[in-house]
Amino acid sequence: MTISSPLSRTLKRGLLACSAVAVLAVASPVLAQASGGQSIAFAIEGQALETALTSFARTADVQVVFSPELVRGKRAGRVVGLMPPAQALREILAGSGLVATQVGERTFSVSQIGTAAADVTTVDEVIVTAQKRAQRIQDVPLAVTVLDGDDAARRGIDSVAGLVDEVPGVSINYAFGGTNYGLISIRGIGGADDYKPNGNPSVALHVDGVYQTSNAYLGMPLFDLDRVEILKGPQGTLYGRNTTAGVINAITKGPDDTVEGSGRVEIGSHDYTAMEAAVGGPLGDKVGVRLAVLAEQGGGFMTGAGAGDLAGYRPVIGGVVQTQVPAIVDPGRREGFGDTDLIAGRATVALNFSPETTLTLKLFGSRDRGDTRQYDRISAALDSNIANAGENDDPYEFYSSEYPTQSIDIYGVSGVLEHRLGDNLNLAVIGNVQGTTRSVQGNGDGSPYPASRFDADETLSQASLEMRLSDDTGGRLDWIVGGFYVSDDIDFDTHWTSYTARTQYDNLHKQTRNSFAVFGQVDYDLTDKLTLSGGLRYTRDEATFSGRNDDLNPWGISTFTTTFATTDPFVWDRSFEDDNISGRVTAKYAFNPNLNVFVSAGTGYRGGGFDGTSIFTQAETLPFESETVTAYEAGLRWTTGRLRVSLDAFSYRFKELQATTRLANDTNGRANVGEAESKGLEFAVNAMLFESANQTLDLDLAAAFLDTEIISFSSARVAEVLSTVGDPLPGAPDVTATVSLNHGLMLANGWRVDSRLSVSHHGEESNRLNAAPGNTAEAYTLLNARVDLETSANWAVYAYGRNITDEVYFPELNGASRLVGAPATYGVGLRYSF
């Protein structure tokens, strides 16, 4: 592999960071894990239960999750001798009125006898690491949605974009850059983000604890997942900058203590095929390995109708055909356009050096050569624009002068070192080096007419290092402090063909960024029921941005300088720096271990930076300022044996709102446009409706209600100010909701049938600021179903249908062009696990 100079520099910085991790690992004693059934020597005297559980977790090398108020004032029984961890834990809890339930490979949850963990009929216990330590989801004082890996696979989620229509409050906006430049929003925040790769996304994507610096990494495939955690709302303390909307945490699987694996093959509508396999386990007492691969092909549901009425077209000036300009080419008709062509892999190595130290390394990569999904235009009868090539009413048929494919490679390595320095004192170090190269094309108006056709070549690289020191064992006082550093380099060059400016021209951009932060959070149990939390984070950002525009004028008729009010060439070189202190305070009151409420107030920060679109004037080269948010939230969590309920209310106020908008020279650009607010209500219910000896029926219901508004808007155009103030934010559907019924039926000889029927609703949504009716997508509702038949030998066959009512819907409207959602699709598959 040839590495460009920016990536080479970042690799060197990252390798230095990884070397530091390795030195620390070698210099520290390490951990030999014991399986859940393997006997271990325990020597735990009778003492305060909270202290005994901490000692047990350290000895057995497991996580024990409990509510502090649940164990306070209780005594633990004496446990001395050689025994399995589960037995030791039972003896510790004997007589306390508490019981432990194993909820993960190495995780136990403690609850009161007669409540959720002890009932025969229970909703599943859910453990999350949203606050960078293992907790029961009902104990986390912020809004978190969790999808475990198996559930994500059943729903067909294999990328971040797949969370849309599966998680209420999450949306995606493609308004400016096409389908390779999606903008994820949570609770209405993020849909106005910068679509170029040098931007600062409002939603921070983390994969295995590593922050992804650019929305270019949204194309990273998600597979062999342990779970996905979606943290909603600003996360300015533990996650830092660019989390004003929230955080998406994708956690992949690692090796277990025994050899296990799985595989599946799937075929579906539109010649779709997929294959996935994973295997992992111990190579010895101190080494575990897991390998996972994914391959996808086909699935394109669009029909290309060629160039239509524009085949052979050349510009006409003053009645004279410009014969020196190449004619628009007709590529002919093509069925099934939009195919996927993806392969991805991941290797995980877990090193257990001693009972105190582990190091987990992940090497990953993906290769995407699929078709670039195209826009369609409304019918010619409703659109007299020259760009219309004779469109009909069929939203799945489009006209184009080409059928472009994309070339997207993502690759990297990450490492997580965990070391126990002493009782209740833990060190975590996370290092990462990664990059992506992308070559994508587009003509975002859904037409063969090259008003602004682009070829973009992008090279990104990043290196990051995070170090955390914590006492997070669930005692009366828990705390965490840490530092974080990330550096990224971005080179992105775009070649444009513009009939509007009668020329072809190049935009050449280069940006480097460095961000440093220190942070801390303290959780203190003021009483048995009241917990107060507070945290602060200091962040410093620096960036440089340089570039040039060159008018190539290949046809000798260019109006480049007058059309864009610029010079040729146009050159710039700018720098930006800023710092910020963000934080959060929270009060949580636990009426009992399964019912608590919380309120919080905090601030968030999105770093300033530079517009990455086509820049033509000095004013556009100036950096825009950092965006800040003040957030207030309140929530309720209630869990019984058969029911889990969460309710959240929130109110956010944004200043120096960053958005892509129409600039003074009539180009799209990035600027601070004013103030905005987002208010809303969310709820989720997980209920076990019925259980018998051979049947179960569960209900999952979740909804988000949003009210967003642009409070003030800065623009030289008075009409735009008047039309924008009071509008909702882009990417902020008023209502999103999902409901599903999950049925399980045990058959004879160990066979089992699981079925799922789900409905999702996505409300009306604008795609840009000062949106006209042509930029507001209508609401839609999708019906999905799936059935799995599993044998006692761990073989299973499954069948699914998505959008089975074949609803025609448009995730985006952009004037006369539109992006249509997938029609009804069906598939069958075979999977095996061992």
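Mentor: Strand S23 (357-368) gives the most to the lining of the largest cavity, with 4 residues; strands here are DSSP runs of E with at least two residues, helices are runs of H or I with at least four, and both are numbered from the N terminus. This is a predicted model, in which local features need pLDDT of at least 70 and side-chain atom pairs count only at pLDDT 80 or more, while totals for chains, interfaces and linings use all residues. Residues are numbered from 1 along each chain as its sequence is written, and side-chain values use heavy atoms, with hydrogens and water left out.

Strand S12 (210-212), strand S22 (340-354), strand S26 (407-422) and strand S27 (425-442) are also among the strands that each supply at least two residues of this lining. By class the lining divides into 9 nonpolar, 8 polar and 3 charged residues (Ala, Val, Leu, Ile, Met, Phe, Trp, Tyr, Cys and Pro count as nonpolar, Asp, Glu, Lys and Arg as charged, and the others, Gly among them, as polar).

Of its 15 lining residues, Gly178, Thr372, Gln441, Gly442 and Asn443 lie nearest the centre, and the largest share, 3 residues, comes from S27. The lining of this second cavity has 4 nonpolar, 10 polar and 1 charged residues.

We can now turn to other elements. Helix H2 (residues 49-60) packs with helix H4 (residues 85-93) at an angle of about 170 degrees, their axes 11 Å apart; axes are lines fitted to C-alpha atoms, for helices over the stretch in contact, and angles run from 0 to 180 degrees between N-to-C directions. H2 and H4 are therefore roughly antiparallel, a term used for angles over 145 degrees. In this contact (heavy atoms within 4.5 Å), Leu49, Ala52, Leu53, Phe56 and Ala60 of H2 meet Pro85, Ala88, Leu89, Ile92 and Leu93 of H4, and the residues divide into 10 nonpolar, no polar and no charged.

H4 also lies across S4 and S5, running at about 150 degrees to S4. These strands belong to an open sheet of 3 strands in the order S2-S5-S4, with mixed pairing (two strands pair if DSSP finds at least two bridges between them). Its edge strands, S2 (63-65) and S4 (98-104), each pair on one side only, and the twist averages 25 degrees from one strand to the next. S2 pairs with S5 (residues 107-112) in the parallel sense over 3 bridges, and glutamine 63 has threonine 107 in S5 as its bridge partner.

Another open sheet of 3 strands, with the order S24-S47-S46, has antiparallel pairing. There, 2 bridges join S24 to S47 (residues 817-819), and aspartate 376 stands opposite arginine 818 in S47.

Technical notes:
Angles under 35 degrees count as roughly parallel, over 145 as roughly antiparallel, 65 to 115 as roughly perpendicular and the rest as oblique. On a 1 Å grid over the protein atoms alone, a cavity is a set of points where a 1.4 Å probe fits but cannot get out, and a pocket is an open set with protein on both sides within 12 Å along at least five of seven lines; lining residues have an atom within 4 Å of a point.
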